[in-house]
Amino acid sequence: MGIVSPGFHGRRRESAVQLPPGQYLTEDFPVLSAGPTPRIPEEEWELTVATETGGQYRWTWRELLDLPFETPRVDIHCVTKWSKLGTDWQGVSLDVLLEDVETAADFALVSSYGGYTTNLPLEDLLDGQAWIVYRYDGEELAPEHGGPVRLLVPHLYFWKSAKWLRGIDLLTENEPGFWETAGYHDYGDPWREQRYQGD
């Protein structure tokens with residue numbers, strides 16, 4: 001006769017992995033896009049930052065690569081409920097990129113090759129929270145994952161990390177982007193499950 005009753009498995013072990021509410025863990029890197037994948041040759045890629053007063057700052061591919069880079073290892077969380085932990089990137093901190101940009105803006109509207117836009121509070125792009133990345137897992141960033149360059153804002157849902165980065169408009173008032181005008185949350189904090197307007 002056994003000491004343990006059938007069906008009894010002991011205490012449930014707590015997972016060592018902490019995920020935002022409603023998320024599941026994946027080892028894959030799912031590809032999600034609202035349209036066709038732009039293919040931008042590196043020699044034609046350019047990033048423009050425009051201030052609220054009309055100031056313009058530009059970087060070519062070569063100029064971006066000449067800036068000091070970092071190699072953040074971060075967890076990413078998609079609004080479609082997958083999370084991928086410990087992802088490795090290489091790119092330039094927004095703190096470095098915006099260091100000499102004079103602005104009194106509170107918001108940023110990020111635009112992509114292909115027409116996609118997303119909005120963020122400017123403070124969420126600073127203080128070591130966001131990067132402009134061009135390498136993933138030791139390799140050049142593939143076009144399906146936003147290459148040659150994408151924004152990386154890992155503390156927000158991944159749609160805020162715009163692929164195929166082309167420009168950042170610094171604004172004094174919030175201007176909703178593509179998914180935000182379609183009903184997605186303006187901010188998108190995965191730990192507060194801010195998937196849609198009203199969450």
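Predicted model: local features only at pLDDT ≥ 70, side-chain atom pairs only at ≥ 80, totals over all residues.
## The annotated domain

UniProt, in an unreviewed entry, places the feature "domain: Oxidoreductase molybdopterin-binding" at residues 35-179.

## Lysine K163

Start with K163, which sits in the loop between β10 (150-152) and β11 (165-171). Is K163 buried or exposed, and which side chain of opposite charge is nearest? K163 is buried, and it has no salt bridge. The nearest side chain of opposite charge belongs to E144, 8.5 Å away.

E144 still meets K163 in another way: the backbone oxygen of E144 is 3.1 Å from a polar atom of the K163 side chain. Setting aside residues up to four places away in sequence, K163 touches V31, L32, S33, S112, E144, H145, G146, V149 and R150.

## Lysine K81

Now move to K81, in the loop between β4 (73-77) and β5 (82-93). How does K81 count in terms of accessibility, and why? K81 counts as partly exposed because its relative accessibility is 39%, and partly exposed covers the range between the buried cut-off of under 20% and the exposed cut-off of over 50%.

Which residues does K81 contact, leaving aside neighbours within four places in sequence? They are G22, Q23, Y24 and R195.

Notes
Residues numbered from 1 in each chain as written. Heavy atoms only, no water. Helix = DSSP H or I, 4+ residues; strand = E, 2+ residues; numbered from the N terminus. Buried < 20%, exposed > 50% of the residue type's maximum accessible area, 1.4 Å probe, protein only. Lys, Arg positive; Asp, Glu negative; His and termini not counted. Salt bridge = Lys/Arg side-chain N within 4 Å of Asp/Glu carboxyl O. Polar contact = N/O pair within 3.5 Å; in protein donor to acceptor, adjacent residues only side chain to side chain. Contact = heavy atoms within 4.5 Å. UniProt positions renumbered as here; feature names shortened; annotations may be inferred.
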